[in-house]
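Here are my notes for when you have the coordinates open.

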Amino acid sequence: MEYIMTNTRQRSRAGRWATLEQEWDVIVVGGGITGAGILREATRAGLRALLVERQDFAWGTSSRSSKLVHGGLRYLAQGHLQLTRESVAERERLLREGPGLITPLGFLFAMYRGEWAKRMLYQAGLAVYDLLGRRWEHQHLSASTFQLLAPHAKTANLRGGLRYVDAQTDDARLVLRVIQEAEHAGATALNYVAATGLLRENGEVVGVTLRDGVGERAATARAKVVINATGVWVDTLRREVDAPPKMRPLRGSHLVFAGWRFPVAQGISFVHPGDGRPVFVVPWEGATIIGTTDLDHSGALEAEPTISLDELHYLMAAVTSQFPALNLSLDDIISTWSGVRPVVGTGAASPSQELRDHVVWDEHGLLTVTGGKLTTFRLIALDALRAIAHRLPTMRPLEAAAPVLDAPGADLDAPLDATARQRLLGRYGSEAAALVAAAHPGELAPIPGTPTLWAELRWAARHEAVVQLADLLLRRVRIGLLLPNGAAEMLPAIRQICQPELGWDDAHWEQDAAAYHELVARHYGVPGG
Ligand SMILES: Cc1cc2nc3c(=O)[nH]c(=O)nc-3n(C[C@H](O)[C@H](O)[C@H](O)COP(=O)(O)OP(=O)(O)OC[C@H]3O[C@@H](n4cnc5c(N)ncnc54)[C@H](O)[C@@H]3O)c2cc1C
């Protein structure tokens, strides 16, 4: 095992590129959670699999979600029992297999005077939710207990509340861990390589043309099956097989506050005072997140999605109405992010009415897989592979019961507390021990204001296919979202560790740092500055 891992880490970008022009069993286009999951399960089934991602791994929606691993109470309320049942089962599996990466998260919601009927409805819903998850954890809370658990929430007319348990993750790290484990098992994955077109023979898709965004090279790669896992971008490749567009891109945005300024010990769910939509506040990585919006995204899909002024004010209205005592203002926002949901449009009047289930379409040999949730990525991958099994005679039977995440091995021998050790094992899996061993003195300390260790930066810069600073600070670790101005104040210290690991000269670093600052200011800040 160690032998394979070491080789995987040492395989360079050039080495991977040199292997492209062969006949693959499966080429997966798109390095979000859908593509990552398919790559992992295809490799487990004995297939020679390649994944290409046009930007960075998890650059798309999979680093911009609300980071919940959840059954989706909303789907239950809409009557989608099967979707909720599957999601809850996946949540339980991920909690078991990925401690430190997927962690339980309690949720509270308050009940105010006159909401008796709502309480009955929610209580019944939570009972079904818990039955599906085979745990009986939801509780009714008195007003005083609710206040104790959520001391800053609005108290006027408070009658009590409800508590239930879901889970949360670091979405980008989940993608990276799944890709990393697929590579350990023999797959090949390349970021900054775009599928620019499809190869077709007798009308059927037999491969892709590729362009390297780093080396400006081009190649063609052939495969028995090409899988289009490009999320909200699926219609671009589908157009090449004359398939009609089906995506309805829906944007959702979040605000990030410092944990000390907006302290919450668990999630709090409530309805927006303006339109009654559910909104949540959750603690994440030492910060507090509020989300989300749900509206048609009319911006160019190629550009980074960005929160609009209307969304900003909508979310701030939710915060100030539910947490008036905190006096939060725009100045307290550390960062923002937006993601675009790949939802299949059915023409529903309101975005919230569109179902978030996944779809699998086989069109002239191009298998498109999109929609669904981060939570159910393993089920989506298995569905995709079932759909192409007849075209892959060498594919082994799918191991639906196999753990989706590999066991990371023994506990870490490191001077870290139990939470930090578990966090590293969850995020880096079997590579956590090597990450600790590679740390220089003092680097097992957290970066102030975050649970991220300095050692994670060194490891990522050395081994995790970082091409730009944004890859490092927004996705390998998330300090670009957790600290003001994209962690600008930390950049000199980060440079000391990472510039030599990346092999960049001063001009390269400075140019990239300038591009990073501009990106953060434009797309991850408060609109208007
Ligand atoms: C605001 C918001 C909140 C959400 N919250 C949750 C949540 O809390 N829990 C949950 O379970 N789910 C959540 N979701 C849903 C979940 O995030 C998505 O379903 C999931 O991330 C989609 O993953 P994907 O891999 O299909 O798409 P993506 O992550 O977008 O990946 C597609 C990738 O394909 C790449 N690509 C595109 N074209 C090409 C090409 N030609 N060549 C190579 N690569 C290409 C893109 O760069 C992109 O990285 C949320 C979604 C949104 C928008």
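How many aromatic pairs does the structure hold? There are 10 of them, and bear in mind throughout that this is a predicted model.

1. Start with F109 and Y164. Their ring centres are 5.9 Å apart and the planes sit at 55°. Planes under 30 degrees apart would count as stacked and over 60 as edge-to-face, so this pair goes down as tilted. F109 belongs to strand β4 (residues 102–112) and Y164 to strand β6 (residues 158–169), so the pair ties together parts of the chain 55 residues apart in sequence.

2. Are those two residues buried or exposed? F109 is buried, at 5% relative accessible area. Y164 counts as buried too, with a relative accessibility of 6%.

3. Y164 has another partner, Y129. Here the geometry is edge-to-face, with 6.0 Å from centre to centre and 80° between the planes. Y129 sits in helix α6 (residues 116–132) and Y164 in strand β6, so to speak a helix-to-strand link, spanning 35 residues of sequence. With 0% relative accessibility, Y129 is also in the buried class.

4. Which residues do the ring pairs link into a cluster? The members are F107, F109, Y122, Y129 and Y164. If you want one view of the points above, centre on Y164, which pairs with F109 and with Y129.

5. K154 lies over the face of Y112, 4.7 Å from the ring centre. K246 has its charged end over the ring of W361, at 4.4 Å from the centre.

6. Now the helix pair. Two packed helices are described by the angle between their axes and the distance between the axes. For helix α15 (residues 469–476) and helix α19 (residues 506–523), the axes come within 9 Å and cross at roughly 50°.

7. By class, the contact of α15 with α19 has 8 nonpolar residues, no polar ones and 1 charged.

Definitions and conventions: Residues numbered from 1 in each chain as written. Predicted model: local features only at pLDDT ≥ 70, side-chain atom pairs only at ≥ 80, totals over all residues. Heavy atoms only, no water. Axes fitted to C-alpha atoms, helices over the stretch in contact; angles between N-to-C directions. Helix = DSSP H or I, 4+ residues; strand = E, 2+ residues; numbered from the N terminus. Nonpolar A, V, L, I, M, F, W, Y, C, P; charged D, E, K, R; others polar. Phe/Tyr/Trp six-rings, centres within 6.5 Å; stacked < 30°, edge-to-face > 60°. Buried < 20%, exposed > 50% of the residue type's maximum accessible area, 1.4 Å probe, protein only. Lys NZ or Arg CZ within 6 Å of the ring centre and 35° of its normal.
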